[in-house]
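Work through the exercises below with the sequence and the model open.

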Amino acid sequence: MKKINNLTVIGKNTERLDGMEKVNGNTRYTDDLPLPGMLYTAFVASPHAHAEIISIETIYAEKAKGVMGVFTGADFPYLIGLYLGDKPPLAREKVRYFGEPVAVIVAQTESEARRAAKLIKVSYNPLPIIASPVEALKDDAPVLHENLSSYNHIDAILPEPGTNVSNRTKIRKGNIEKGFEESDTIIEEHFSFPPGDHVFMEDRIAIVEIRSDDQVMIRSSTQSPFGVQNLMSSFFDIPNGKITVTAPPVGGGFGGKAGIQLEPLAYLLSKKMDGRPVRVALTREEDLVSAPGSAGLQARVRLGATKEGILTGADILLLFDSGGYADYAVNVSRAAAFASSGPYKIDNLKTDSLSVYTNHPYATAYRGFGHIELSYAIERAMDIMAAKLDMDPLKLRMINAIKAGDSTPTQNILDKNTGNLKGCLEKVSERLKWPEGNYLKISENIVRTKGVACFWKAPAIPTNTEAGAILTFNNDGSMNLSTGAVEIGQGIITGLAQITAEEFGVSTEMVHVVREIITDRSPHDWTTAASRTLFMVGRATIMAAVDAKNKIKKTASAVLLCSEEDLEISKGKVFIRDEKDKYITLGKIVNGYSYPNGTSIGGPIIGTGQYISRHLTNVDPQTGAGRPALEWTMGAEGVEVEVNLEDGSFKVLKAACAMDVGRVINPNIARGQVVGSMAMGIGYSTTEALEFDKNQKVLNGTLRDFKIQRYGDHPEYFVDFLTTPQQDGPYGARGLGEQGIIGIPGALSAALSKAVGKQLNRMPLTPEYIWNEGGIK
Amino acid sequence: MIPFKFSYVVPDTIEEAVQAWNSAEKRGVNPLYYSGGTEIITLCRDQKIEPGLIIDIKKIPDCNTLVQNETSTFGSALTLNKIIESTNIPILARTLERIADHTIRNKLTLGGNIIGRLPYREAVLPFMVLYGSVQIASANGIRTENISDFFNKRMLLKKGELLVNLSLKNDKNDNWFYKRKEKSGRIDYPILTACFTGKPGNIKMALSGSFSYPIRDKEVEIILNNKSLDHRKRAAAVVDSMNNLFRSDFRASADYRKHLLKLTIKDALIYLEKKNENIQ
Amino acid sequence: MKIYSDIQKVVLDVNNEKRELVIEPSDTLLRVLRDKLELKGTKIGCEHGDCGVCTVQINGKAVKSCLSLAIENIESKITTIEGIDNEPLKKSFVKHQGFQCGYCTSGMIVNADSLLKSIDKPSDAETRVYLESNLCRCTGYEGIESAVKNTVKL
């Protein structure tokens with residue numbers, strides 16, 4: 001690595017490589033490249049949250065114009081799931097949530113498919129409905145998955161057959177009884193919020209065809225091309241190498257396009273259509289409801305502290321509403337357990353984190369991945385404790401802020417790569433002018449209040465999470481970087497270009513980053529998610545650059561008649577360090593070097609790099625002890641709101657985030673990620689909630705009724721980065737894509753609770769709810 | 001996308017439009033008048049309606065009238081943005097500019113908002129409180145109706161009747177008050193839209209969002225103008241008199257809607273009284 | 001009275017080009033632009049008028065093409081993102097982080113261009129009225145605000 005204080009590209013606001021393409025509308029997303037002979041689909045979805053399927057009449061649909069086939073769950077006897085195989089591609093025998101797909105039409109055109117879908121008649125026998133995790137855990141609750149005991153699952157997931165629990169993760173650290181005995185004050189409270197949705201702008205889509213040699217060709221809006229390849233291989237018993245997945249640029253993922261989505265069904269349909277390409281694309285309504293969103297939560301936190309405010313123990317119960325199927329929730333709930341102390345030193349910790357089946361639309365990975373749900377509960381508890389201790393809530397957090405040398409819920413000792421959480425809190429305090437007070441009465445009805453929260457997150461990744469990078473070169477000396485990282489808007493291709501450019505001492509104009517990831521030619525990569533891509537793919541990229549430079553130097557040393565150690569590469573040349581006039585321009589050597597008489601040596605330089613997560617271990621199923629976390633990015637957030645107590649309406653005036661990221665590769669891009677995730681956090685806490693009637697039918701399943709932040713809703717944002725180096729990160733950087741969302745629910749709840757003088761322990765924080773709890777009546 | 005086919009005609013006159021409708025109806029073709037089309041296209045996309053013939057009235061001059069005098073007339077095919085940009089009637093502009101969003105308002109028309117399927121019909125409120133009238137065309141010719149007689153939950157058009165334009169009388173003294181509340185941000189259906197006009201003692205009030213349809217009720221206005229009650233009591237009395245009508249849905253409970261209306265009535269009364277104090 | 005009873009050959013003026021094509025009266029402008037004219041820059045996001053990624057200009061005014069019929073635009077000048085020639089606006093979006101995943105960007109730029117063409121130096125309130133028609137999930141709108149404001153400055 002270059003000396004850190006001479007950086008020329010890292011830390012600069014390099015313009016996005018894909019900028020001009022995007023502002024001209026020229027980016028080719030999955031639906032922009034139709035395949036010849038492509039067929040189209042339309043779904044029929046269940047109007048019931050829980051029901052037996054009695055019959056599906058398909059005869060009229062089958063006869064409709066343009067229809068090539070009509071399929072139901074009976075046609076596809078597979079059970080699919082990332083960690084727990086519990087979900088058929090189309091409902092079989094019963095439906096477990098409102099909107100679950102029960103039939104699909106394949107037709108020559110989309111119009112014909114949609115027309116025919118209306119001709120399908122399904123009859124149901126409604127069954128008793130489970131509306132929440134608490135209901136699901138009652139002794140007399142219906143069991144939603146009667147065959148849970150026979151489902152395949154990975155070892156780390158522990159489903160409880162005969163119940164609605166798809167996974168239980170336990171943390172038993174220290175001695176909880178002792179922890180509460182040592183406390184002077186104990187608080188206990190319940191918190192909850194319903195499921196929500198990612199609402200990326202590009203709806204989910206997959207196009208699959210099967211070549212005549214049985215090669216399965218998948219194009220999909222996915223964060224996880226290799227994950228899709230792996231899962232398809234294991235679900236359908238196809239060798240990995242016979243599956244090629246292409247991941248074009250993605251119109252927003254936020255975790256909702258990690259794992260596996262429409263690809264299995266698209267494959268099965270293509271198979272039924274003799275390998276013809278089949279486009280499975282969701283309408284917005286289907287994406288909001290039929291396809292998975294974010295989990296709901298019911299939580300109970302019991303927290304103990306001394307009268308000086310030192311936390312002595314926490315007993316936490318987290319019930320994740322994972323909906324009708326488990327998908328990612330088994331791991332989301334697990335990740336939440338591993339982080340369940342919040343970024344605080346708690347030596348005695350008892351956590352039970354369950355993913356629970358209910359009759360709600362099911363949940364998948366969502367930005368924050370368990371840490372956001374956990375954070376809401378623990379930050380609320382911290383505020384309630386602060387109120388009981390009559391202590392400034394920021395001070396309570398300072399006292400207990402976790403630091404290097406402290407242990408995590410899984411009993412790892414945080415090393416010197418640990419971020420400076422206190423410094424982040426100080427920064428947020430400064431931005432929000434916290435010392436001036438957190439409650440100000442503006443008029444009879446209007447108050448301004450502030451709230452703060454801390455957050456942390458480590459990527460929730462398997463112990464063998466890997467990344468790779470390949471560098472090839474062009475005759476003008478520029479280079480092509482190929483990795484498995486998908487550009488989902490986070491700016492990864494620009495960040496990797498900056499890293500590569502820094503290694504070679506050139507501008508990013510000399511680095512061409514491959515834009516479409518294709519599994520037969522891109523290096524293997526776990527998934528673009530979990531805020532690990534810059535870290536891991538960055539490391540692999542550096543290694544590939546170093547490898548390429550070594551190979552260039554080997555050939556150059558022969559030409560320049562010197563030892564390789566004497567050579568340097570910078571600004572498009574390889575040269576002798578202390579005789580700079582003895583050089584070769586890279587273009588003349590990267591694909592072979594020819595002497596004046598024509599004799600040629602060397603050959604195309606190909607640099608390779610790899611990375612695998614280091615020293616991660618599995619965890620003990622009884623105590624949670626182990627090392628699942630690669631690196632923790634932590635920080636603090638705060639908001640200032642103005643509340644009208646007459647009707648509970650409010651405006652977020654300011655939102656501040658200070659995060660310790662080790663090093664900022666591109667300040668503008670980093671800021672954009674944090675601001676975007678804070679905006680998502682505000683929506684998550686206030687408007688983005690699925691609404692259900694008493695039969696758990698979704699009432700707000702369109703963008704008309706499911707609201708996200710709009711232009712003009714945005715507060716003044718403050719973003720600060722602290723830079724305690726991540727010594728094993730690329731140039732000292734650690735991940736940051738998700739963290740900005742995590743502390744917002746806690747901070748916003750705190751500010752609004754302060755406004756009404758009552759603890760608000762539910763979300764969404766709507767004006768009606770706020771007014772009901774403490775407005776002027 | 002619309003997954004079925006229909007025919008499309010563009011009449012040049014009211015007579016052509018009405019005739020096209022009637023002859024299509026006789027043939028069982030299921031005709032629909034169409035101006036902005038935003039709602040029709042949405043319903044067709046979802047296959048909730050299946051018109052066989054779309055009659056686009058945007059070219060008919062009478063449906064594009066824009067005359068502003070003591071009586072102002074607005075064609076039903078005018079887009080909301082066109083009216084907002086052109087009108088000198090503040091309460092009309094304020095009410096229209098909160099419907100949907102700006103881009104939709106480049107297409108959504110006055111007629112479309114009032115006689116579509118959605119229950120809010122906010123564009124009719126200013127007409128309700130400014131002595132509004134409507135011009136209707138049918139096979140029998142063209143006639144004018146007062147809105148107070150012709151609107152009960154919805155405009156009482158019969159099948160095949162075409163809403164040509166709406167008129168209102170300008171309030172020279174500019175006494176008006178407007179309020180809109182939503183659950184989740186400015187771009188949302190209302191949980192309260194309120195238009196008030198007139199001097200204290202003669203205040204008129206038209207409401208949407210609180211109920212399942214727009215309401216202007218002269219009996220309620222008697223309570224609204226009852227000076228023997230203070231503002232709060234009057235607001236409470238008005239709300240009590242409409243108690244059973246308040247809507248409860250996922251956007252807001254009936255109780256919260258009642259509360260918002262009480263606050264709004266109080267604010268309107270105070271504002272209009274203060275305004276008229278200054279004039280005297 | 002013009003009558004279009006069935007599948008039609010029409011000419012649409014798109015991005016200053018007269019394009020001859022065959023459409024059904026019930027075809028939405030969005031699908032005709034993407035599928036028949038292969039102008040893929042205009043996106044599908046909800047086909048319900050809520051998100052704005054399908055925004056085009058009709059005679060310079062922003063319109064959601066998912067809620068417009070191709071046939072009602074025979075006499076209009078249609079401009080898609082491919083036909084927006086506002087280089088300062090586009091460069092400003094790149095410089096000031098007006099996008100991340102890019103999926104809302106076509107519609108956002110088309111609408112922002114119509115704002116800047118209609119109002120010389122739009123105020124914050126005027127900018128909000130226009131741009132609240134377009135959803136963005138990635139940026140939190142801060143970058144979009146910077147991009148539009150910095151274009152005005154030029």
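**Exercise 1. The cover of a helix in chain C**

What covers the buried residues of α1(C)?

Solution. The model is a predicted one.
Step 1: list the buried positions. They are C:Leu29, C:Leu30, C:Arg31, C:Val32, C:Leu33 and C:Arg34.
Step 2: collect the elements over them. The cover includes β2 (8-14), β3 (17-23), β4 (55-58) and β6 (77-79) of chain C, together with α3 (110-117) of chain A.
Step 3: look past the end of the helix. C:Glu38, which follows α1(C), has a positive phi, near 55°.

**Exercise 2. The interface of chain A and chain C**

Solution. 
Step 1: count the residues. On the chain A side 52 residues are in contact with 44 residues of chain C.
Step 2: state the area. The size of an interface is often given as the accessible area lost when the parts come together. Here about 4100 Å² is buried between chain A and chain C, and carbon and sulfur atoms give 54% of that area. In chain A, the residues that lose the most area to chain C are A:Val23, A:Met201 and A:Tyr711, which together make up 22% of what that side buries.
Step 3: find the charged links. The rule gives 8 salt bridges across the interface of chain A and chain C. One of them joins C:Arg31 to A:Glu110, with the closest N and O atoms 2.9 Å apart.
Step 4: count the polar contacts. Between chain A and chain C there are 23 residue pairs in polar contact, both residues being at pLDDT 80 or more.
Step 5: assign the chain A side to elements. Helices α1 (19-23), α8 (284-290) and α15 (667-686) of chain A each supply at least two residues of the side that touches chain C. The largest share, 9 residues, comes from α15(A).
Step 6: sort by class. The side of chain A that touches chain C has 19 nonpolar, 16 polar and 17 charged residues.

**Exercise 3. The interface of chain C and chain B**

Solution. 
Step 1: count the residues. In chain C, 32 residues are in contact with 34 residues of chain B.
Step 2: state the area. About 2800 Å² is buried between chain C and chain B, with 56% given by carbon and sulfur atoms.
Step 3: find the polar links. There are 5 salt bridges across the interface of chain C and chain B. C:Glu72 and B:Lys107 form a salt bridge in which the closest N and O atoms are 2.8 Å apart. The rule also finds 19 residue pairs in polar contact across the interface of chain C and chain B, both residues being at pLDDT 80 or more.
Step 4: assign the chain C side. At least two residues each come from β1 (2-4), β5 (61-64) and α4 (124-131) of chain C. β5(C) gives the most, with 4 residues. By class, the side of chain C that touches chain B divides into 13 nonpolar, 9 polar and 10 charged residues.
Step 5: check the strands. β1 (residues 7-10) of chain B pairs with β1(C) in the antiparallel sense over 3 bridges. In this pairing C:Ile3 is the bridge partner of B:Val9.

**Exercise 4. An enclosed helix in chain A**

Why is α11(A) called largely enclosed by the rest of the structure?

Solution. 
Step 1: apply the burial count. Helix α11 of chain A (residues 393-400) is largely enclosed because 6 of its 8 residues are buried.
Step 2: name them. The buried residues are A:Pro393, A:Leu394, A:Leu396, A:Arg397, A:Met398 and A:Asn400.
Step 3: identify the cover. It includes β14 (311-323), α10 (371-389), α12 (421-431) and β17 (446-457) of chain A.
Step 4: inspect the start of the helix. There a side-chain oxygen of A:Asp392 reaches to within 2.7 Å of the backbone nitrogen of A:Leu394.

**Exercise 5. A buried glutamate**

Is B:Glu221 buried or exposed?

Solution. 
Step 1: B:Glu221 lies in helix α9 (residues 218-224) of chain B.
Step 2: compare with the cut-off. Buried means under 20% relative accessible area; B:Glu221 has 6%, so it is buried.
Step 3: list its contacts. Apart from neighbours within four places in sequence, B:Glu221 is in contact with B:Ile203, B:Lys204, B:Met205 and B:Arg216.

Terms used: Residues numbered from 1 in each chain as written. Chains lettered and ligands numbered in written order. Predicted model: local features only at pLDDT ≥ 70, side-chain atom pairs only at ≥ 80, totals over all residues. Heavy atoms only, no water. Contact = heavy atoms within 4.5 Å. Buried area = accessible area lost by both parts, 1.4 Å probe. Salt bridge = Lys/Arg side-chain N within 4 Å of Asp/Glu carboxyl O. Polar contact = N/O pair within 3.5 Å; in protein donor to acceptor, adjacent residues only side chain to side chain. Nonpolar A, V, L, I, M, F, W, Y, C, P; charged D, E, K, R; others polar. Pairing = 2+ DSSP bridges. Buried < 20%, exposed > 50% of the residue type's maximum accessible area, 1.4 Å probe, protein only.
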